[in-house]
Amino acid sequence: MARAFLVVMDSVGCGGAPDAADFGDAGANTLGHIAQACAAGQADIGRAGPLRMPNLDGLGLGAAIRLASGMDAPGFDAVPVGQWGAATEVSRGKDTPSGHWELAGVPVPWEWTYFPDKVPAFSDDLVSLVCRLAGTDGILGNCHASGVPIIEQHCAEHLRTGWPICYTSADSVFQIAAHEEAFGLERLLKLCQDLAPHLHGMKVGRVIARPFTGVPGAFKRTANRHDYAMDPPGPTLLEWVQAAGSATHAVGKIGDIFSMKGIGKLWKGKSDLDLFDHLDALAVSAEEGSLTFANFVEFDSLYGHPRDVAGYARALEWFDTRVGAFLARLHPGDLAIFTADHGNDPTWRGTEHTRERVPVLCAGTGAGGLGLRAFADVGASVAAHLGVQAQGVGRSFL
């Protein structure tokens, strides 16, 4: 019996979304623009020269970029030995839950609620609720912000007052940063957990706990982040597989994104390096008929949002090196799909996700082009490979 590995490279888009202009993202291309910057010598920090991803390019990454956006990415000219294509999202968002849920067969049928980009960003009623749940007289932040700068701005006052640092972004999120020792990690997690049902009722997709340690000027966000996400709008690929009696493994943020629905065993770590160690181990030990669903978040969190082109390139090259060893561990008959959930072009204006198509690269199913597909076709294809009945809207490309 075959196994399946669905690996999401968080934010590794390849441009070309037909509705990108609706999101202010016409022309954004995460992979294409990183490759161009590397070839121009503009990303030579901790690395040098053109972007090198021979393993994923061998599966069809360069071909997928060309298909999605028409761009010939410098250095991506391999003749694919895998099946390759690009996928287009229909959910009206460019956020993590929408992308993952749709990849797992279930597009989002509603419009998310977004907070206005003004100060204050949150209503008086919502601020009062946060204060009541936190046991404080006020909050800090109350605006659109990126995590590191907002903590830097308010770290000292947070330590002095004990008030939580609350902020949002262009995504449908409410984020709370607090010091693990001074505020308390368990207190922060409980605050987010207690607040989540109210915000989910407003169609705000996630409440995110963002703990940190240290002092002003020398603080560090920790690996104890936790996302409290809405439940998916219907049964997803994970639940289809579990209902068929097969094992499911979630690596990284997948447990948070899917609210643990359909997840048998969760594998977490302090970094993407830890997560790839788990993925390598599962390539050897995962049960026959099982699904392993993995998310690698650091492309997005460490390099996309901060607009760090060189860092993003280093992460892509590291990941590609690990892919080669991972593929060598797979069993005959296994399917591995590498894809993404949205874009986050580090050459783009602002600090937010970008609306893009995503690559779809398949190992274990032969070679050839898949064409332009829907996100939901990924979930349908994994289900077909495992012999599981798909319940979503996608069509298998296998």
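A polar contact here is a pair of N or O atoms within 3.5 Å; within protein, one must be able to donate a hydrogen and the other to accept it, and residues adjacent in sequence count only if both atoms are side-chain atoms. The model is predicted, so local features need pLDDT of at least 70 and side-chain atom pairs pLDDT 80 or more, while totals for chains, interfaces and linings use all residues. Residues are numbered from 1 along each chain as its sequence is written, and side-chain values use heavy atoms, without hydrogens and water.

Start with His305, in the loop between α11 (298-304) and α12; helices are DSSP runs of H or I of at least four residues, strands runs of E of at least two, numbered from the N terminus. Its side chain makes a polar contact of 3.4 Å with that of Asn344. His305 has 18% relative accessibility and therefore counts as buried (under 20% relative accessible area; exposed is over 50%, partly exposed in between; 1.4 Å probe, protein chains only).

Next, select His353, in the loop between β12 and β13. At 2% relative accessibility, His353 is buried as well. A polar atom of its side chain lies 2.8 Å from the backbone oxygen of Lys94.
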